[in-house]
Amino acid sequence: MHYPWWYVPQLTAPMLIAVIAVVHVLVSHYAVGGGLFLAVEVGHAYRTRDREYLAYLRGHAAFFVLLTVVFGAITGVGIWWIIGLSSPLATEVLIRTFVFGWATEWVSFFVELLAAFIFLYYWGRLPEKKHLAIGWIYAVAAWISLVLITGITAFMLNPGRWAIDPAARNFWTALFNPQFVPQTVVRTGGALLLSSLYVYLHASIFARDGRIRNVIASRSARPALLGAILITAGGLAWYAFLPDSAKATLASSAVMNVFAGVLIASTLVVFAMLYLGPYRNPGWLSPGFAGLLFLFGIAAFGAGEFVREAIRKPFVIYNVVLSNQVLPEQVPQLRAGGYLNDGVWTRAFVAEHYSDVMADGRIDNKRLLDLPYKDRLVLGKVLFLHHCNDCHAAKRGYSAVGLLLQGRPREQTRETIERLDDNYSMPPWCGTSEEAELLTDYLMTINQPRPAGIHPLMKSGGESVDEYGEME
Amino acid sequence: MDPAMLVERAAAGTPAPIWFVQLFKVLGFTLHAVPMNLWYAGLPVALWLHLRGGEHGRRFGGRLLRQMPVIVAVGVNLGIVPLLFMQLAYYKVFYPATILMAWSWLAIIALLIPAYYGVYAYAWGCKNDEKEMPFWRVAAGWCAAVFFLAIGFLFVNGFSLMDHVDRWPELWRDHSMAGAALGTALNLGDATLWPRWLLMLGLALQTTAAWLLFDAEWLTGNSVGEDYRRWAWGFAKKLYTVGLLWFAAAGSWYVFGSWSAELRDSMFSWPLMGWPLVALTVLPALSPGLPWLLILFGGRTRAIAALVALGQFGVLGVNAVSRQVVQNLNLKPYWDVYSQPVDVQWGPLAMFLVVLVIGLGVVGWMIAQIRKCDFAPPSNVP
């Protein structure tokens with residue numbers, strides 16, 4: 001914990017990453033697939049001298065630029081902003097590892113931007129061949145961006161050898177991680193599929209001419225179905241190369257079950273609608289149909305992205321950075337010397353407010369228990385915020401610990417802390433036993449009583465019954 | 001509290017030589033500053049001219065506004081370079097500073113999206129010389145201008161806070177709960193904040209003037225007459241002069257009214273570590289004189305317009321170098337960039353440089369294609 005922790009009420013700071021990331025991918029995939037759509041279709045329209053289709057495509061290109069160059073690009077920058085704020089240690093590690101990957105991606109982003117503007121603004125003023133070439137430059141540059149960024153997100157899910165073998169720690173092993181190919185295939189497929197859904201939605205509203213709508217419906221069904229195949233194939237490989245803990249989380253966590261279910265169900269619906277609709281019956285392309293298709297597509301993408309973000313727990317980068325901003329190799333030292341002691345800001349906090357427990361600039365853990373109760377609570381809260389708040393709100397809010405504890409008695413709460421990683425979605429307890437005491441003190445103040453009204457005979461037998469009673 | 005307690009010194013090896021990081025940070029910032037200046041000061045100036053200007057003023061306002069979507073896109077893109085390399089070598093101070101003001105820092109993104117759409121709303125609604133525009137488009141344009149000024153203010157907050165670790169304890173104390181940052185701080189008590197913000201506005205006015213000349217002489221093609229060019233030189237003269245005076249005032253405030261005594265001693269010292277630092281104080285201060293004199297006395301030619309633009313790029317460049325040195329000096333007691341270990345990734349570094357050259361080649365080819373067309377910015381986007 002070398003960085004300050006940002007407390008976001010109710011939601012927790014890392015959830016902001018998930019929110020921005022999900023919104024971003026919904027546009028960024030279109031930024032890649034839509035570029036390919038425009039290049040292929042403008043080429044087709046030039047060859048067949050289809051002026052009406054060209055006119056439609058020009059309008060589509062304006063919509064495309066407006067959405068991807070502004071919203072897509074700026075939310076992409078937004079991800080960078082939010083990871084630095086919510087997950088600074090992981091961001092630091094990613095930047096150090098991938099700086100030249102990012103710099104290279106920046107080059108393709110630059111090429112992409114200029115190509116997009118020239119493609120749109122010089123439409124009709126450039127010779128057809130040149131115009132088309134610029135469309136293709138955009139498409140290729142955008143796909144290169146996708147590949148590089150996917151390399152980084154894939155690394156977070158499974159860095160493979162890089163994480164465990166110090167000799168293998170270089171850029172290339174990081175980039176060509178076990179998840180790299182599967183995720184690149186999935187995301188390429190996703191770009192093809194999602195952009196067809198955007199095209200359908202746009203065309204169903206703005207393509208007035210029935211013939212044009214039919215051309216679009218049938219021509220864009222093929223990349224969409226190809227995308228569906230890539231997603232399925234890549235998705236299977238993605239699953240095969242997941243770390244075991246991620247597989248287990250996917251299988252065991254109720255929330256993940258639901259999201260995975262939404263993902264699979266909405267993907268199937270999208271496939272079926274694509275096949276029955278645009279592919280077999282292009283005439284079905286009404287705003288209602290296209291809108292519904294788009295919504296199912298968004299549900300699938302959103303769920304997929306959420307699963308991707310969530311199954312890494314307790315890591316931000318699997319086996320490299322824990323989500324409470326410590327490295328796995330620091331854990332033994334934290335357990336011996338104290339969590340508060342090792343955190344730069346937590347130690348400064350204790351030194352500032354509780355100089356009595358300091359000895360030679362370090363916290364003397366034994367003295368922590370001599371503090372008055374109200375100070376123990378403060379430090380317990382410090383521990384909660386810096387050790388748990390990356391995944392849990394306190395009393396209410398996202399995965400609130402107060403609610404999860406459900407009136408658990410003190411002894412058991414204390415045991416939960418010391419055996420935190422019995423639940424492998426959680427990091428190991430990274431503090432001393434004195435710190436566990438302080439955290440227990442604090443947790444008992446936010447521990448919500450067991451809900452009333454449950455049939456009294458249903459309380460489990462054994463010694464904890466009375467204690468539950470005491471809580472109420 | 002000793003602020004040094006808040007910075008962790010132990011560091012892993014940086015994958016690029018520090019001089020390389022500094023080079024790309026400074027070069028990237030200079031390149032970013034050109035378009036940034038144009039939306040910072042150029043946007044309100046253009047909006048005003050388009051609304052209230054005479055025939056030529058309205059024309060220039062319309063041109064700059066129609067160019068603005070591309071300018072913003074390129075400027076944001078170029079901003080990535082300094083930010084990336086900054087995070088590579090200054091992460092120890094960058095993350096804490098921005099976390100202390102997290103909500104405001106995040107607000108940059110929240111403001112940028114509507115600002116950017118506001119620019120489009122104006123640009124895509126503004127046909128060549130028509131005066132009448134729907135009210136909502138005008139309002140969107142003005143909102144964008146205000147948002148960009150606000151974004152600039154938030155950036156100055158972030159970077160002045162990053163430079164001044166000594167400000168952290170107080171802000172942390174006032175904006176935290178049980179040691180966790182609430183993200184609600186702003187660096188308002190920092191003496192350098194306001195002059196830094198105003199300094200950039202002065203530079204931005206100058207850059208707008210230089211752009212006006214460059215555009216008039218190089219990018220208008222045959223679409224404007226001699227009259228317009230004469231107006232352009234006259235207006236650029238006034239605008240640059242205002243920018244120069246503004247810069248001088250804010251710069252003096254900045255250097256003499258807000259720098260710490262030690263910093264001023266260093267920056268006015270003759271060789272420090274072999275660098276004549278005083279040159280990096282005096283040169284940025286005097287540099288705008290060159291484009292200004294060129295505008296006043298150089299004569300109204302295309303070559304002079306190009307020299308003015310180049311000169312202004314130089315002004316931004318020396319300012320960026322000077323800022324970098326000041327930043328390093330401010331940070332030195334807490335985080336000495338040059339003392340961190342280095343473990344260079346030569347292969348990936350080479351890959352980046354090769355791709356950069358290829359990318360610039362592709363960009364060059366694309367620009368060559370549109371040069372063969374009419375270079376005037378289109379006004380008929382669907």
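Which side chains meet in a salt bridge at 2.2 Å, N to O? They are those of A:Glu418 and A:Arg414.

## Basis of the model

This is a predicted model, in which local features need pLDDT of at least 70 and side-chain atom pairs count only at pLDDT 80 or more, while totals for chains, interfaces and linings use all residues. Residues are numbered from 1 along each chain as its sequence is written, chains are lettered from A and ligands numbered from 1 in the order in which they are written, and side-chain values use heavy atoms, with hydrogens and water left out.

## Salt bridges within chain A

A salt bridge is defined here as a side-chain nitrogen of Lys or Arg within 4 Å of a carboxyl oxygen of Asp or Glu. Over all chains, the count by this rule is 23. A:Glu418 and A:Arg414 are 4 residues apart in helix 18 (residues 410-418) of chain A, about one turn of the helix; helices are DSSP runs (H or I, at least four residues) numbered from the N terminus. A:Glu418 counts as partly exposed because its relative accessibility is 28%, whereas A:Arg414, at 16%, counts as buried. The classes are buried for under 20% relative accessible area, exposed for over 50%, and partly exposed in between (1.4 Å probe, protein chains only).

A further salt bridge links the side chains of A:Glu305 and A:Arg308 (2.8 Å, N to O). Because these residues are 3 apart in helix 11 (residues 287-310) of chain A, about one helical turn separates them. Both A:Glu305 and A:Arg308 are buried.

## Interface of chains A and B

In chain A, 71 residues are in contact (heavy atoms within 4.5 Å) with 78 residues of chain B. The two chains bury about 7100 Å² between them, 80% of it on carbon and sulfur atoms; this buried area is the accessible area (1.4 Å probe) lost when two parts are put together, summed over both. A:Trp81, A:Phe100 and A:Trp345 supply 12% of the area that chain A buries against chain B, more than any other three residues.

Between chain A and chain B the count is 1 salt bridge. In it, the side chains of B:Arg173 and A:Glu352 meet at 2.8 Å, N to O. B:Arg173 lies in helix 5 (residues 168-174) of chain B and A:Glu352 in helix 14 of chain A, so the pair joins two chains. Both partners are partly exposed, B:Arg173 with a relative accessible area of 44% and A:Glu352 with 30%.

## A nonpolar patch and a buried glutamine

On the surface, A:Leu36, A:Val40, A:Trp136, A:Val140, A:Trp143 and A:Ile144 form a nonpolar patch with about 490 Å² of accessible area together. Patch residues have over 30% relative accessible area and no salt bridge; like charges are joined within 9 Å and nonpolar side chains (Val, Leu, Ile, Met, Phe, Trp, Tyr) within 5 Å. Accessible areas come from the Shrake-Rupley method with a 1.4 Å probe, and for residues only the protein chains shown count as cover. Helix 4 of chain A provides the largest share of the patch, 4 residues. A:Leu36 lies in helix 1 of chain A and, at 32% relative accessibility, counts as partly exposed.

In chain B, B:Gln206 is placed in helix 6 (residues 193-219) and counts as buried, at 0% relative accessibility. Leaving aside residues up to four places away in sequence, B:Gln206 touches B:Tyr240, B:Gly243, B:Leu244, B:Phe247, B:Pro288, B:Gln312 and B:Val315.
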